[in-house]
Amino acid sequence: MTLRLGDVAPDFEADTTEGRIRFHAWLGTSWGVLFSHPKNYTPVCTTELGYTAKLKGEFDKRNVKAIGLSVDKLDDHHGWSKDILETQGTALNFPLIADADRKVSDLYDMIHPNASDTFTVRSVFVIDPNKKVRLTLTYPASTGRNFDEILRVIDSLQLTDRYKVATPVNWKQGEDVIIVPAVGNDDAKKLFPAGWKELKPYLRVVPQPKE
Ligand code: BEZ
């Protein structure tokens, strides 16, 4: 099933390194980042999982739960976790789904048969507290993803939800943002009483709202 932005993220039940979960219940009121790995005991995945574990504090600050997936058995996941700790210096601190029957991979269309019919591609789904898909990203197996970029997108999405602002090209935390086009000037005056810089009627720049 191809998932598009705004779709409800499909619910599922699965075994993970932290026990059996039902996805929606496990997410609760948090945001989620669900990401797939082509296979256990592969080098790029090992670095990605270690780095994601290091970002736990950043995910917590944003009310985000991370969850990985690999199409291998739970026992293999436990063996691989030891390697992640040994080589990356951080133990897994989020669940890794054991998707040996590819139930979840199929549900989220993570196997692209013309790339490989056994490995998943590197998919990422950012899911909001209403269980809506807010970001999809697909990388090839040989390219590690940029998890700092995933955090950056979550920051942007959360700013949009809270303050009705969008983020411009290459935006970074603390830089100016843009009032979303759907907010007319009358409403913008209430939301941004200090005013804005109007470069064009459709391009209204304000400092990033303080959290
Ligand atoms: C990796 O995770 O290192 C990997 C997996 C499949 C192909 C190439 C690299």
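How many residues lie between S10 and S11 in their hairpin? Two residues lie between them. The close-ups below come from a predicted model.

**View 1. Strands S10 and S11 form a hairpin.** Strand S10 covers residues 197–200. Strand S11 covers residues 203–206. The strands run antiparallel. Three bridges join them. Find Lys197, then look across to S11: Val205 stands opposite.

**View 2. Eight residues are named around the ligand: Thr42, Pro43, Val44, Cys45, Phe119, Arg122, Ala141 and Ser142.** By class, the shell holds five nonpolar residues, two polar ones and one charged one. Helix H2, residues 43–54, gives the largest share of the shell. That share is three residues.

**View 3. Thr42, Pro43 and Arg122 each place an atom by an oxygen atom of the ligand.** Start with Thr42. A polar atom of the Thr42 side chain lies 3.0 Å from a ligand oxygen. Pro43 uses its backbone instead: an N or O atom there lies 3.1 Å from an oxygen atom of the ligand. Arg122 uses its side chain, with a polar atom 2.8 Å from a ligand oxygen. Now consider the ligand surface. Taken alone, the ligand exposes 260 Å². The protein buries 78% of that area.

**View 4. The largest pocket holds about 190 Å³ of space.** Its lining is made of Lys61, Arg62, Asp155, Gln158, Leu159, Arg162, Gln173, Gln208 and Glu211. Which helix gives the most to this lining? Helix H6, residues 147–163, does, with four residues. Sorted by class, the lining of the largest pocket has five charged residues, three polar and one nonpolar.

**View 5. The second largest pocket holds about 150 Å³ of space.** Its lining residues include Glu18, Trp26 and Thr52. Lys56, Phe59 and Asp60 also line this pocket. So do Val64, Lys65 and Ala66. Asn93, Phe94 and Pro95 are part of the lining too. Two elements to trace here are helix H3 (56–61) and strand S4 (64–70). Each supplies at least two residues of the lining. By class, the lining of the second largest pocket divides into six nonpolar, two polar and four charged residues.

Methods. Residues are numbered from 1 along each chain as its sequence is written. This is a predicted model: local features need pLDDT of at least 70, side-chain atom pairs count only at pLDDT 80 or more; totals for chains, interfaces and linings use all residues. Side-chain values use heavy atoms; hydrogens and water are left out. A residue is near a molecule or strand if one of its heavy atoms lies within 4 Å of it. A polar contact is a pair of N or O atoms within 3.5 Å; within protein, one must be able to donate a hydrogen and the other to accept it, and residues adjacent in sequence count only if both atoms are side-chain atoms. Accessible areas come from the Shrake-Rupley method with a 1.4 Å probe; for residues, only the protein chains shown count as cover. Ala, Val, Leu, Ile, Met, Phe, Trp, Tyr, Cys and Pro count as nonpolar, Asp, Glu, Lys and Arg as charged, and the others, Gly among them, as polar. Two strands pair if DSSP finds at least two bridges between them. On a 1 Å grid over the protein atoms alone, a cavity is a set of points where a 1.4 Å probe fits but cannot get out, and a pocket is an open set with protein on both sides within 12 Å along at least five of seven lines; lining residues have an atom within 4 Å of a point. Grid points are joined across faces, edges and corners, and a volume is the space filled by probe spheres set on the points.
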